[in-house]
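Subject: Handover of a structure for your review

Dear colleague,

Please find below the structure that I am passing on to you. My findings follow it.

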Amino acid sequence: MAKDVIIALDFPNKEKALDFLDNFKGESAFVKIGMELYYKEGPEIIKEIKRRGHKIFLDLKIHDIPNTCVGATKSLLDLDVDMFNYHAAGGAKMLSEASDVISNSNKEVISLAVTMLTSTDEEAMHQNLKIDKDLSLDEVVLSYAALTKECGLSGVVCSALEVPNIKEKLGKDFVTVTPGIRKTKNNSDDQKRVVTPKEARELGSDYIVVGRPITKAENPLKEYKEIKRDFLGE
Ligand code: C5P
């Protein structure tokens with residue numbers, strides 16, 4: 001069920017990110033911080049954005065041996081962000097040990113796994129990743145999502161188009177966070193399969209991630225509010 005719009009803060013540095021967030025003074029937004037900004041600015045940017053009253057999805061896509069992943073999870077929990085993620089390809093031991101650390105912390109955090117990157121198509125999945133040629137991309141996405149659920153994480157990052165199948169097989173409470181959103185179909189930038197905020201709601205997505213349609217808008221706050229209204233169906 002549609003819960004919130006997450007703004008992808010894809011900026012190269014703190015100055016540009018905070019200048020953009022000046023548009024959202026007095027507004028409590030949910031923002032996604034990815035590797036570009038986090039590797040440049042570190043935990044300080046998280047603290048500053050939290051001080052401004054925003055919620056944070058820290059998109060670092062952890063993928064390592066279980067022991068390293070457990071340590072990284074403890075460090076992430078200390079940052080008190082609202083959402084973070086792993087690569088489902090890290091496997092059951094990595095995901096379940098991370099999940100145990102989260103449960104034992106008693107912190108309210110939404111933990112996600114990335115199934116198959118949208119930059120990997122079916123051909124690359126078979127040729128480069130050597131995944132069984134009999135399996136389609138959709139089957140692999142669903143199987144990675146099922147593994148994520150079995151290991152105790154909250155949900156997955158996926159295409160909105162994959163949500164109905166995932167919800168049907170894994171339940172409506174399994175969280176789906178979906179990028180690839182555009183207000184109209186004729187402006188997709190480099191996104192291959194886009195859906196509108198309204199379609200994402202109808203497909204059952206819980207959170208949509210929206211970057212350039214808001215960050216590059218002439219009036220980002222106005223655009224954000226319109227997208228949020230369309231997604232929440234208000
Ligand atoms: O600007 P745009 O709305 O396309 O940004 C979408 C955001 O979601 C970017 O931060 C992008 O890295 C992220 N993302 C994505 N597709 C995925 C996973 C993450 O577009 N499968």
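A residue is called buried here when its relative accessible area is under 20%, and exposed when that area is over 50%. The coordinates are those of a predicted model, and everything below should be read accordingly.

The overall arrangement is a barrel: 8 strands close in the order 1-2-3-4-5-6-7-8, with parallel pairing. From one strand to the next, the twist averages 25°.

Strand 1 has a partner on either hand in that order. With strand 8 (residues 207-210) it pairs in the parallel sense over 4 bridges, and Ile7 stands opposite Val210. With strand 2 (residues 30-34) it runs parallel and is joined by 3 bridges; here Ile7 stands opposite Val31. Strand 1, helix 1 (residues 14-21) and strand 2 together make a right-handed β-α-β unit.

Helix 3 (residues 43-51) lies across strand 2 and strand 3 and runs at about 155° to strand 3. Helix 5 (residues 92-105) also packs on the sheet, where it touches strand 3, strand 4 (83-87) and strand 5 (110-114). The direction of helix 5 makes about 160° with that of strand 4.

Strand 7 (residues 175-178) repeats the theme of buried side chains. Val175 and Val177 point one way from this strand and Thr176 and Thr178 the other way, and all are buried. Strand 6 (residues 155-157) runs parallel to strand 7 and is joined to it by 3 bridges, with Val157 standing opposite Val177. The chain passes from strand 6 through helix 8 to strand 7, and this β-α-β crossover is right-handed. On to strand 8, strand 7 is joined by 2 bridges, again in the parallel sense; Thr178 stands opposite Ile208 there.

How do helix 7 and helix 8 pack, and at what angle? Helix 7 (residues 137-150) and helix 8 (residues 163-170) meet at an angle of about 45°, and their axes are 10 Å apart. An angle between 35 and 65 degrees counts as oblique, so helix 7 and helix 8 are oblique to each other. Their crossing is right-handed. On the helix 7 side, Val141, Leu142, Ala145, Ala146 and Lys149 take part, and they meet Asn165, Ile166, Lys169 and Leu170 in helix 8.

Asn106, in the loop between helix 5 and strand 5, has a phi near 60°, a positive value in a residue other than glycine. Its relative accessibility is 71%, so Asn106 counts as exposed. Lys130 is found in the loop between helix 6 (122-127) and helix 7, and its phi is likewise positive, near 60°. With a relative accessible area of 65%, Lys130 is exposed.

With kind regards

Terms used: Residues numbered from 1 in each chain as written. Predicted model: local features only at pLDDT ≥ 70, side-chain atom pairs only at ≥ 80, totals over all residues. Heavy atoms only, no water. Pairing = 2+ DSSP bridges. Right-handed = clockwise from strand over helix to strand, strands pointing away. Axes fitted to C-alpha atoms, helices over the stretch in contact; angles between N-to-C directions. Contact = heavy atoms within 4.5 Å. Parallel < 35°, antiparallel > 145°, perpendicular 65-115°, else oblique. Left-handed = near helix turned anticlockwise from the far one by under 90°. Buried < 20%, exposed > 50% of the residue type's maximum accessible area, 1.4 Å probe, protein only.
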